[in-house]
Every structure is written in structure tokens, then in C-alpha cells.
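Please work through each task with the structure at hand before reading its solution.

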Amino acid sequence: MVAKNDVIIIGAGIAGLVAAFECLNQGKSVLILDRNSEEHLGGLAKLSFGGMALVGTPLQKRLGIKDTPEIALDDWYSFADFGPNDIFPKQWAEQYVNESLGQVYHWLGSLGLHFFPVVNWVERGLYKRGNSVPRYHVLWGTGYRLVERFVELLNKHKNNSKLNYLFEHKVTDLIKENGRIVGCVAEQEKTGKKDLKFYADHVMVATGGITGCLDKVREHWHKPWGEAPKEMLNGSHPFADGLVHDAVKKHGGNLTHLDKMWNYAAGIPNPKPEFEGHGLSLIPCKSALWLDHSGRRIGPEPMMTGFDTNELCRRISGLEKPYTWQLLNWRIAAKELAVSGSEHNPMIRDRKLVSFLREVLLGNHRLVKQLQKESDHFIVSNNLRELVDKMNQLNGDQTIEYEVLKKEITQYDDVIRRGKGLWNDDQLRRIQHARSWRSDRVRTCAPKPILHPSAGPLIAIKLRLITRKSLGGIQTDLESRVLDPLGSPIPGLYAIGEAAGFGGGGASGFKSLEGTFLSGCILTARAAAKSVNNGVSVSEHGKQRSLVT
């Protein structure tokens, strides 16, 4: 029989891997249980773009950005809209802005991970202030490299013999004895083996959120927004279903703010789906016209990315139909279009600097051609009338009228032709604002009429809301210990990463400043590992318990 471990980590995403690394550094024995197969080690982090909101970094200083934890916390509070009872989320927000420099930026650097030498300005805020300065750092190699590096560190660790993985094991419950969590119960879905029991002094929940289950997304949809859209895409994974959240609640843990979610407004069906409803999250073009189902520009205030993602989702959820269109041309797409994640950003993922710079300077025609070839929701045409026909063909109706769409585009183009001094259009004003920051200027087109003959073929992209991250979750203190509804820790139980709402059960509040997710995973995981190291083993009189029974 195998002796029990010091630590069980449920979930092999980046939070779980970081926690395992830190626990091995302390000489702890670790068992990682994950529901997916070994090839998916690293979870969604491996597929992510690798952006992190970091405060007061050398990169910011080099670019002349004056940022401090005080400025960042003020921005955070503006977006979070915390309530008076959000004690632990507020604590984690303060922890994040104070510790992201040392515990994320410098720590990752010490492990051989580095950031691309630009800082992007995202989530600037629309009605409330968001990021008042640029602080979005992109990991060179994307989230793929982040996961790859931690797998390397774990494989080569001097205490690697103390680490074990069990893949394709679904955790269904926790084991509680004398008021303490001492293990978990799992099943092998492929073989049908159930009630497998695993024991440890400490159990960490690192299972992600609930946004991989669209039924739970609809159940917890933010009520002031009304009903959830009838059609949504899954930008998470079906295994992010909140099953272990329910087990935590069953054993006294407090779940909070499950109605707070970080979804995206511009999803298309994944051309190579791995599960039902699998979507791709586009980074929509700032210079595209955002239209409703009938081809009319959404207004009166035009929709545009880069300022308030949450507000885009709110507006889409209130539309008559659950889908929208972006109308643009090849010139705009080549300069501005991107897909969120490592898969569609191979030059950054594979750290090919020259090729990446070439795409930035000359346009990412490779991606545009790829989407044209692979996605029926990405429509390209040489003239507007043909484009309208293809849009209606995709819909299977005649919802979009040629004259209506032509009028919307012509009105916008006419404003552009009047000259910069007469650009009385809010989208154009915000494009100018975006282009004022050097990092965004190279990815944002100077305004030019959409129907300009030199701008290339026209493009229409049919979009749906796509789920992504849970901003709420299992409530924790600053040591990542799971709390009961009265705020007392449940002995032996921790929650990290998205499962903990990235700390405190909702550290971001109502809206995220973007880029707080990977770094939130790192901070909460390191806090849990430190707490475990400071804790005391509770093996009964030194007796060993079987790992599996």
C-alpha cells in the first residue's frame, strides 16, 4: 500500500502546477488528480494568450509608464464595484496589486520566463475608469510556454519522486473526518470505477470555474441583465462544471459571486471543435462596424472593444437576437484581428521574433486567410451585394437588406472623409485614443473608409457571446484556505486559481481589469503552498494512511 500524501491537488491547470512546484520545494509529497488526459496537462492556461496585468514593472518604467499599487488599486475598485461585505475579495485585490511585481513578474523571470517588451493598454473603461495606464504584459511564448516551463521544472525537480499524477480521474466528493478535510473521492469515467478514495493532510481545489457548463452559466446569469442569450459558445471546457464547488459547499465551504463572469462578446464556432458548442474567442477589430442581426449599427453609442468587455456582453445579452456582426475589410483585419489564445498566435507561442514582427508590420494575412478557409462564420467578398447574399445564406433567411447595410457603412465612411477635425463619431474618437499609445498604434488602423477600393475585400464575421472565466467561486482568505459562511477556515482545505474566483471568492468584483487570471492563479497557488508549509501535519500519532482504498 502507498502512504498518503502531504498534499492532494485537484486539477492540473497552471494553479495546480504552480502549487505542486512550491510544495515540492518544501519537500512535500504531492498527488495531482485531473479529469482530463495527460496530453491536456496545463488545462486552459496552455491555450491562453499569456497576458498578465502587472503593476510597477521595469517594462512599464522603461516605457515611461508611472504605475503604483495605489493607482492600480484605485482602478481595480472602480471596475470591481465591491459591496460592503466583500471583505475577502478586497483583501485579495490589495494583495494582487502589491505582490504582482515580486511574486509574479520577478519570480517568473527567475524561472526563465520573460515578457515581450511592450505593454498593452486594455480595459480602459467606458463609463467608469478601468486601467488608467497600460499594464497588460504578454508572456513571450504565451500560456503554452508558461505551462511547458512548469512541467519542465516539475519533471527535473530534485523531489520529483514525491510527485504523482493521476489523469482521467473525476473528483466527486471530499472526505471529512473530525471537522477536517482529509482527502477526496474520485471515479474513473472510462473504466466505470467509482468511490476511489485518496487521502492527504491538505487538499487544494484547482478545478477552474463553472463557465464550461452552459446550464450553470444560465442558472447564475447576472439577473439585472435579464435572461442569458439563447445561443452561447463555450470558451472554457466542459470539465469546468463546478462539480467540486458543490462538494466544497456540501462540506461547509462558502460559494460567492457565481453570477460574476468574464465572458467575451466576439466568439465564433471553433472550426475544429473538441466538444459541443466549442468556440473561438476573437479579439474584435476596433475599426470594424459592430452590427445587430439586421445589419444596423448597434447604438446609439457604437460598440467597440478595448474599453469595457463586460459592457459589451451586457449590451449583446439585451439584443433581440443572440448574435451580432462585425463588418470590416481586409486592411483592417490584417492589422487588427486576432484570436485569443496560443493556438492562433504561433509566432509568439514559438518565440519567433522576426516572424512576429513581420506580421505586426506587414499585417497578419496568414490568420485572415486561415479564418477565411476554416470558418463559415468568416465571410469574405469582393463587393457589398455579394457579401449581403452570403450573410443571409449563412443565416438561412433574408434578415439583412442590402440598402440598410450600405447606408450604415456609407454614413460612417462619409464622416471619415470629412477629415480628422470633423470626426464627430464616438468610435472614431476612441480609435484616436487607442492610437495615442504606441503599443496599440501598431495594431489599430488609421481611419479610412471601409468601402475604399484599396482596402481589399469586404469581411463580415458572425459573432456570439462566448463564455470564459468565473469571477466568483469558493471563498478563501489570504492563505487560500477555504472559508465557511461565517468566515472561519475549514481545516485541511484550500482553493486556488479560478476555483477561488482568483482569490477570496471574487477578487475582481464585477469586472476584471483583464490579465488578472494567470497571475491570480500564481498568487493564490503560492499563498496556499506557503500556508501548507506553515501548517502542521495531522497524521494520527504518526500513522500512515493508505493513498487509495
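Predicted model: local features only at pLDDT ≥ 70, side-chain atom pairs only at ≥ 80, totals over all residues.

**Exercise 1: Strand β11 and its partners**

Strand β17 (residues 458–470) is joined to β11 by 4 bridges, and the two run antiparallel. Task: identify the bridge partner of P269 in β12, and determine how many residues of β11 are buried.

Solution. 
1. Begin with the pairing to β17: Y264 lies opposite I466 of that strand.
2. Turn next to strand β12 (residues 279–283), which pairs with β11 in the antiparallel sense through 3 bridges. Within β12, G279 is the bridge partner of P269.
3. Finally, consider accessibility, where buried means under 20% relative accessible area. Of the 9 residues of β11 (residues 261–269), 8 are buried, and the strand is therefore largely enclosed by the rest of the structure.

**Exercise 2: A sheet of 3 strands**

Task: state the strand order of the open sheet that contains β3, β4 and β5, and explain why one side of β3 and of β4 lacks a neighbour in the sheet.

Solution. 
1. The order is β3-β5-β4, and the pairing is antiparallel.
2. β3 (51–53) and β4 (115–120) are at the edges; each has a single partner strand, so one side of each has no neighbour in the sheet.
3. From one strand to the next, the twist averages 30°.
4. The antiparallel pairing of β4 with strand β5 (residues 136–139) comprises 3 bridges. Here N120 is opposite Y136 of β5.
5. To place the helix, note that α4 (residues 87–110) lies across β3, β4 and β5 and runs at about 140° to β3.

Key. Residues numbered from 1 in each chain as written. Heavy atoms only, no water. Pairing = 2+ DSSP bridges. Axes fitted to C-alpha atoms, helices over the stretch in contact; angles between N-to-C directions. Contact = heavy atoms within 4.5 Å. Buried < 20%, exposed > 50% of the residue type's maximum accessible area, 1.4 Å probe, protein only.
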